[in-house]
Structures are given as C-alpha cells and as structure tokens.
Amino acid sequence: MTPEPSARTVTPTAYAERLHAPWWMWPAALGVASLLAAEIWMGSDGVRAWLPFVVLLSLSALLPWWLGRIKVAVTATEFQVDDARLPLAVIADVVALDADGKREVLGVGSHPLAFVVQRPWIKGAVQVVLDDPADPTPFWVVSTRDPVRLATALLAARGS
C-alpha cells in the first residue's frame, strides 16, 4: 500500500464499481428511525414532539448512503478501494470468490493481517494475493458484485 495519496488526475479505469447499499436498507433504516423517534416522543409536546423525528429521520437517510460510499476501481497503475491504493506491481495473484469462498476466506482461519473491505449484502468478493516483502499484509479481500470481471481486470492491468 502506498503511504501517500495518489494524484487525483483523470486516468482511464479498467473497472469501476460503487458498493451501494441495497434498496431494502433505505426503508428499513427509515422504519427503525421512526420507531426510535416515537419512543423518544411518547406523547410529549414542544420541542420533544418534533425534534426526534427531524434528527433521526435525517440520520436514517444518511446511514445507507454512508454505508454505500465505497468505490472499487482498477486503473492503469493501481487498485483503488475507497482511500486505499495498491500498486499493480505487488499483486501476485487474484482469486474470484463466490459466497462460500468469501465465507471460507473470512472465516475462522483467516489471516489477522489481511486487508478486508467487506459488505455483507454483497455475495461475491476477490482475494488479491500480494508479493511485497516490505508489507506484512498477505492479501486483500474486497467485496464486489462481479468478482470474475474484477479479477480479470486486475490480472489484465497487472500484465500490461
């Protein structure tokens, strides 16, 4: 992983994806916030009657948006996951994982130094095995909706 942020120039991407929250998370967050606001309100009048609804319903809209902010991209020189950057030169291998493979890699026998960006509502993932003697991180596991396409893009970008 590079210690300094990459230059924010326009570079062509071989793959780009945003890990959006699923549609059902929006009404679920709204429902939970409404119940919590009603519990705080409990028939009171004045500020306590409307403030919990304003604050909690606003926060319920922000939570799914915040959970879906992660961007995954492959450029000509690096693999980008949110703010983390991985130079393509240190990638040894890439494995596309289905739901069972993801569960096995992240399960009881997982490596404690692995870099993981995991979203439980996304079934697929890729495991990026690293070959960098200076970095103790053995691999990255990143959720993706299309693991085969991301793995192919990483291997193609690494090869060129």
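## Packing of helices H1 and H2

In this predicted model, helix H1 passes helix H2 in a right-handed crossing. H1 spans residues 25-41 and H2 spans residues 47-67, and the two pack with their axes 8 Å apart at an angle of about 155 degrees. Since angles over 145 degrees count as roughly antiparallel, H1 and H2 are therefore described as roughly antiparallel to each other.

The residues that make the contact include Met 25, Trp 26, Leu 30 and Trp 41 on the side of H1, and Arg 48, Pro 52, Phe 53 and Trp 65 on the side of H2. Sorted by class, the contact of H1 with H2 has 19 nonpolar, two polar and one charged residues.

## Aromatic pairs

The count of aromatic pairs comes to three. In one of them, the rings of Trp 41 and Phe 53 have their centres 6.2 Å apart and their planes at 65 degrees, so the pair is edge-to-face. Because Trp 41 lies in helix H1 and Phe 53 in helix H2, this pair ties together parts that are 12 residues apart in sequence. Trp 41 is partly exposed, with a relative accessible area of 34%, and Phe 53 is partly exposed as well, at 26%.

The rings of Phe 79 and Trp 140 have their centres 5.8 Å apart and their planes at 40 degrees, so this pair is tilted. The pair links distant parts of the chain, with Phe 79 in strand S3 and Trp 140 in strand S8, 61 residues apart. Both Phe 79 and Trp 140 are buried, and together with Phe 115 they form one aromatic cluster.

## Surroundings of Leu 155

Leu 155 is found in helix H4, which covers residues 147-159, and counts as partly exposed at 32% relative accessibility. Leaving aside neighbours within four places in sequence, Leu 155 is in contact with Asp 93 and Val 94.

Definitions and conventions. Residues are numbered from 1 along each chain as its sequence is written. This is a predicted model: local features need pLDDT of at least 70, side-chain atom pairs count only at pLDDT 80 or more; totals for chains, interfaces and linings use all residues. Side-chain values use heavy atoms; hydrogens and water are left out. Axes are lines fitted to C-alpha atoms, for helices over the stretch in contact, and angles run from 0 to 180 degrees between N-to-C directions. Helices (H or I, at least four residues) and strands (E, at least two) are DSSP runs, numbered from the N terminus. Angles under 35 degrees count as roughly parallel, over 145 as roughly antiparallel, 65 to 115 as roughly perpendicular and the rest as oblique. A crossing is left-handed if the near helix is turned anticlockwise from the far one by less than a right angle, and right-handed if clockwise. Contact means heavy atoms within 4.5 Å. Ala, Val, Leu, Ile, Met, Phe, Trp, Tyr, Cys and Pro count as nonpolar, Asp, Glu, Lys and Arg as charged, and the others, Gly among them, as polar. Buried means under 20% relative accessible area, exposed over 50%, partly exposed in between (1.4 Å probe, protein chains only). Rings of Phe, Tyr and Trp (its six-membered ring) pair if their centres lie within 6.5 Å; planes under 30 degrees apart count as stacked, over 60 as edge-to-face and the rest as tilted.
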